[in-house]
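Here are my notes for you on this one. Have a look at the model first, then work through the points with it open.

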Amino acid sequence: MSKKEKSKEKFKSRIGGQALIEGIMMRGISKCAMACRLPSGEIDVEVWDIKNGKDAPWYRKVPFIRGTFNFLYSMIEGYQCMMKSIDKQDFDEENEKKGKLEEWIDSKLEKCDDKKVMAVVSALTVILSLGLTLVLFKFVPMLMSSLLGKLGAPDVVKTVSEGVLRLVILISYMKIVSLTGTMKTTFMYHGAEHKTIACYEHGEELTVENVRKHTRFHKRCGTSFLLITVLIAIIVGMFLTWENIWIRLGMQLLLVPVEASVAYEIIKLAGRYDNFFTAILSAPGLWLQRITTYEPTDAQIECAIAAIKPCIPDDSEEDKW
């Protein structure tokens, strides 16, 4: 963001969001909304009440505790919205042949309450995703680095190697994913989300023309949170033993909630203040967003505007930090 843009900034908003399949979800202090571009070209908007800010449970408000719970809550809610956005695209399944197992599962699900099924599926998906993430970013780098010990490498070399591998895996994964057609479009919606929030924070009217001139990078982005969590894990790894990789892995897993909580507080701090210190904290995440955000089309910006408007409270003071 240029100095000229910074000078126009009116306030820091609490509104955040997530890119979906052909759409965007925005989360405010009391409302959440998702806007999706339907195959017909129309924008479909859903709005629902949420418990956030003052109305949230205590464990989602206490510093250094709230980070882990808010992250898990966001993952579950984000997954549910992502599945809804896929359903809205009306993919043709009439000619898709299903096996006996799929038919049996469908018959059982039809008899269940949709909300309960969705809640269970979302929870299981989040658990599976977290499990795969921990294997990819914790176990694999640690195992590969431990092999250096057989070559006589000291612990410091193994620790540095482990940290480098984590960063390489993260950046490579993001880059590879961004090259696929569907995810590139999603990352364009990601850019639209950031630009729209920036426009709102500058106190400007939410029009496509006004939104387009703003930055697609945002300091409170989930991409920044993920990178900072990895960097904290690298620092923590410097103090863990290499005598037994299973003990090291167990200690790393136990410390994941701590790492996530600290990363969350850093993101909150960086998003709230503009100074030299927060600029340094934000720099790595903003750099990574060059991979996870793209400049959006006008149609995508329209979706972002449709998603954020229901989340803006009547009293703007409630949304300011």
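1. Is His190 buried or exposed? His190 is buried, since its relative accessible area is 10% (buried means under 20% relative accessible area, exposed over 50%, partly exposed in between, with a 1.4 Å probe and protein chains only). You'll find His190 in helix 6. Leaving out residues up to four places away in sequence, His190 touches Ala19, Cys221, Thr223, Thr292 and Thr293 (contact means heavy atoms within 4.5 Å).

2. Some ground rules before we go on. This is a predicted model, where local features need pLDDT of at least 70 and side-chain atom pairs count only at pLDDT 80 or more, while totals for chains, interfaces and linings use all residues. Residues are numbered from 1 along each chain as its sequence is written, and side-chain values use heavy atoms, with hydrogens and water left out. Helices (H or I, at least four residues) and strands (E, at least two) are DSSP runs, numbered from the N terminus.

3. Four strands make an open sheet in the order 1-2-3-4, with antiparallel pairing (two strands pair if DSSP finds at least two bridges between them). Strand 1 and strand 4 (43-49) are at the edges with a single partner strand each, so one side of each has no neighbour in the sheet. From one strand to the next, the twist averages 15 degrees.

4. Follow the pairs along. Strand 1 (residues 16-20) and strand 2 (residues 23-27) are joined by five bridges, and Gly16 has Arg27 as its bridge partner in strand 2. Two residues lie between these strands in a hairpin, where Glu22 in the turn has a positive phi of about 55 degrees. Strand 2 also has five bridges to strand 3, with Met26 opposite Ala33 in strand 3, and a hairpin of three residues joins strand 2 to strand 3.

5. Six of the seven residues in strand 3 are buried. Strand 3 (residues 31-37) pairs with strand 4 over seven bridges, in the antiparallel sense, and Arg37 stands opposite Ile43 in strand 4. Helix 2 (residues 66-87) packs on the sheet and touches strand 1, strand 2, strand 3 and strand 4. Helix 11 packs on the sheet too, touching strand 2, strand 3 and strand 4, and its direction makes about 155 degrees with that of strand 3.

6. Back to helix 6, this time with helix 11. Helix 6 (residues 181-201) packs against helix 11 (residues 298-308) at an angle of about 55 degrees, with the axes 8 Å apart (axes are lines fitted to C-alpha atoms, for helices over the stretch in contact, and angles run from 0 to 180 degrees between N-to-C directions). That makes helix 6 oblique to helix 11 (under 35 degrees counts as roughly parallel, over 145 as roughly antiparallel, 65 to 115 as roughly perpendicular and the rest as oblique). Residues of helix 6 including Met188 and Tyr189 meet residues of helix 11, among them Ile301 and Ala304.

7. Helix 6 has another partner to check. The axes of helix 5 (residues 155-178) and helix 6 cross at roughly 100 degrees and come within 7 Å. Helix 5 and helix 6 are therefore roughly perpendicular to each other. Met174, Val177 and Ser178 of helix 5 make this contact with Met183, Lys184 and Phe187 of helix 6.
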